[in-house]
Amino acid sequence: MKLTRIGAGLAAAIIGLAGMASAEEPEIKKLVIDGVEMTVAAPAPPYLENLDMIYSGWLFRSPETQALELDDFDNPGMVFVEQAQDMFSTPEGTAGKACADCHQLEDFKGLRTVLPRVEDDGKLWTMEDYINKCRTDRMGAKAWKYGGTELTSMVALIGLQSRGMPVNVKIDGPAKPYWEKGKEIFYTRVGQLDMACANCHEDNYGKMIRADRLSQGQINGFPTYRLKNGKLNSVHARFKGCMKNIRAQPYNVGGDEFKALELYIASRGNGLSVETPSVRN
């Protein structure tokens, strides 16, 4: 299959980065949202073999993009949060119930920090899984599309309740096999460009790739509003986009592979603050 001119340019840039294998540390700035200071840089968790420090993706953005996240009135992702607030109070399904009939938003404080996690059924659950389980089993409503606007907006609303709290996902016990699978995916080269997540987000973070600066690929700010596509983006949608960039066949959004990868990458950010919803390029 022939690459387009744009695709060929991107491929050349990525291949060049793969040969450099040299990261650049970002300038550390303060991120304060609604009076709460976020932890945007922290010592790497001890299980990370190749990093000494971990950094929020916010540090790698331009000053103009950084500024959008400083104020909720300027943050375009908050439009989707407000829409989710309306959905939270709207009855749906055969039970005629709304989320608000069973939950207060304050109940979700801290939940974002520990997900994904393994439940009693032995399966790895994401925030999306919990939301759709409530919809189908308690409300008698249809499950929302994984990665779709409605579900991603609700994930952002619930995640917002944990903003400023440190990510703290578990990687031991029943979570260990999922974490190890996610780690394997992170370091496995795939696609026509024969690249792994680590080639960009571990070996070359801080480097410019065309007009963008590579981050460590941290997901503490997801769902995130991307200026590139003008919408709120889910974690799995970003995984899919990355795989397409390296000309690989993406795993299924909401599938076991991406859930395992989400757990592993979330663990790489243990100690960083939840920034949901963040703003990125």
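Tutor: The protein chain has an average pLDDT of 93, and 93% of the residues score at least 70; pLDDT is the predictor's confidence in each residue, from 0 to 100. This is a predicted model, in which local features need pLDDT of at least 70, side-chain atom pairs count only at pLDDT 80 or more, and totals for chains, interfaces and linings use all residues. Residues are numbered from 1 along each chain as its sequence is written, and side-chain values use heavy atoms, with hydrogens and water left out.

Student: Where does pLDDT stay under 50?

Tutor: Over residues 1-9, for which the model has 8 contacts beyond four places in sequence; contact means heavy atoms within 4.5 Å. Where pLDDT is low, the predicted coordinates should not be read in detail.

Student: On to helix packing. At what angle do H3 and H5 pack?

Tutor: Helix H3 (residues 78-88) and helix H5 (residues 149-160) pack at about 95 degrees, their axes being 8 Å apart. H3 is therefore roughly perpendicular to H5. Angles under 35 degrees count as roughly parallel, over 145 as roughly antiparallel, 65 to 115 as roughly perpendicular and the rest as oblique. Axes are lines fitted to C-alpha atoms, for helices over the stretch in contact, and angles run from 0 to 180 degrees between N-to-C directions. Helices (H or I, at least four residues) and strands (E, at least two) are DSSP runs, numbered from the N terminus.

Student: Which residues of H3 and H5 meet?

Tutor: From H3, Met78, Phe80, Val81, Ala84, Gln85, Met87 and Phe88 meet Thr149, Glu150, Ser153, Met154, Ala156, Leu157 and Leu160 of H5. By class, the residues of this contact between H3 and H5 are 10 nonpolar, 3 polar and 1 charged. Ala, Val, Leu, Ile, Met, Phe, Trp, Tyr, Cys and Pro count as nonpolar, Asp, Glu, Lys and Arg as charged, and the others, Gly among them, as polar.

Student: Changing topic: how much space lies in the second largest pocket?

Tutor: The second largest pocket holds about 370 Å³. On a 1 Å grid over the protein atoms alone, a cavity is a set of points where a 1.4 Å probe fits but cannot get out, and a pocket is an open set with protein on both sides within 12 Å along at least five of seven lines; lining residues have an atom within 4 Å of a point. Grid points are joined across faces, edges and corners, and a volume is the space filled by probe spheres set on the points.

Student: What lines the second largest pocket?

Tutor: There are 21 lining residues, and His103, Phe108, Tyr130, Ile131 and Cys134 are the closest to the centre of the pocket. Helix H4 (127-139) and H5 are the elements that give two or more residues to this lining, and H4 provides the largest share, 9 residues.

Student: And how many cavities of 30 Å³ or more are there?

Tutor: The count is 2. The largest cavity has about 120 Å³ of space; of its 13 lining residues, Arg112, Met127, Val155, Val235 and Glu262 are the closest to its centre. The second largest cavity, of about 50 Å³, is lined by Arg112, Val167, Gln218, Ile219, Asn220, Ala266 and Gly269.

Student: Last, the backbone: which peptide bond to proline 116 is cis?

Tutor: The bond from leucine 115, with omega near 0 degrees. Proline 116 lies in the loop between H3 and strand S5 (117-118). The peptide bond from threonine 276 to proline 277 is also cis, with omega near -10 degrees.
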